[in-house]
Amino acid sequence: TLPRFLGFEDEAFFAKTLQELLLPDSVAKTLEELREQVDSEDISCFLPLCRQDGSVFYAWLRARSTVGEDGVRNLFGVLIEADMLHARFSELESSLEMSREQLRKTEHMVNSLQIRAEMDALTGLLNPSTTRQLAETYLAQTDKHCAMLIIDVDNFKRINDRFGHMVGDTVMACAGQTIKKLFRSNDIVGRIGGDEFLVLMKDVTERSIVDLRCSQIVASFVRMKCDQLDGESVSCSVGAALSSVCGKKYDALFACADKAMYISKNQGGNRFTVNPEK
């Protein structure tokens, strides 16, 4: 009765392979499911079949496979009409996809909230607590040397007093992006105070690399443009400490870099100091 139900004459139906009877888009998936079960005592598979008129007939196959004397594997089973079952499957698949999409949106929202919680809203850099946490974790988990830089904007109070805090915020945002552009994506770059920034340069052993980066920071600040400053330039004081000299404990490295920064500031700013004597 199956040939007639599908709209085929017996001779035409039995001349077709299962692959020819399957819905074209489902051939690869269906045959793969059957191959995975070929040695099983109980084969179970959902089959989307094509009637001769092009309409679809959904069936549930329950079968066993045997190997004949000629070595050919034969499949013996029954087909159960599964239109209602397919409708339920489609409903479940649709519900599952909706759940997956909702999960993707939730994950995106959680990730966005986490990023926002770690960032300084004004500069887009890491906030103080995240900066310290990441730096401490790196220092504790690696044997590689690094360098810590502390950058302080010179005379920032004067900028705020003369131009106002909105202009001061603009200067801070520009300063943050200026600093960020000079470092690798895996370096730790954060704002740790009103006008102070901290950078942990990972895997650095050469003093010359630190000197170069510090000089680039100082030069970049002088070139930094802010229309609201009426042509007044901005400068910074930079202090740097190498872990190979000052140790790999966060507090000790920070104290060394902070001391270097104050040496630069006390000498008039717009300069850098590396590895101050203890």
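Which side chains meet in a salt bridge with Lys157? In this predicted model, the partner of Lys157 is Asp161, with an N to O distance of 2.8 Å; a salt bridge is here a side-chain nitrogen of Lys or Arg within 4 Å of a carboxyl oxygen of Asp or Glu. Local features require pLDDT of at least 70 and side-chain atom pairs count only at pLDDT 80 or more, whereas totals for chains, interfaces and linings use all residues. Residues are numbered from 1 along each chain as its sequence is written, and side-chain values use heavy atoms, with hydrogens and water left out.

Lys157 and Asp161 are four residues apart in helix α7 (residues 156–163), and therefore separated by about one helical turn. Helices (H or I, at least four residues) and strands (E, at least two) are DSSP runs numbered from the N terminus. Both Lys157 and Asp161 are exposed, where exposed denotes over 50% relative accessible area, buried under 20%, and partly exposed the range in between (1.4 Å probe, protein chains only).

In total, the structure holds nine salt bridges. Another of them joins Glu136 to Arg132 at 2.8 Å, N to O. These two residues lie in helix α6 (residues 128–141), again four residues apart, or about one turn of the helix. Glu136 is partly exposed at 33% relative accessibility, and Arg132 is likewise partly exposed, at 35%. A salt bridge between Asp187 and Arg184 has an N to O distance of 2.8 Å; Asp187 is buried, with a relative accessible area of 8%, while Arg184 is partly exposed at 40%. Through shared partners, salt bridges also connect Arg132, Glu136 and Asp251 into one network.

Two packed helices are described by the angle between their axes and the distance between the axes. The axes of α6 and helix α11 (residues 250–266) come within 10 Å and cross at roughly 115°; axes are lines fitted to C-alpha atoms, for helices over the stretch in contact, and angles run from 0 to 180 degrees between N-to-C directions. Contact (heavy atoms within 4.5 Å) is made by Arg132, Ala135, Glu136 and Leu139 of α6 and by Tyr250, Asp251 and Leu253 of α11.

Strand β5 (residues 188–191) pairs with strand β6 (residues 196–201) in the antiparallel sense over four bridges, pairing requiring at least two DSSP bridges between the strands. The two strands form a hairpin with four residues between them. Gly190 has Leu198 of β6 as its bridge partner. Ile188 and Gly190 point one way from β5, Val189 and Arg191 the other way, and all are buried.
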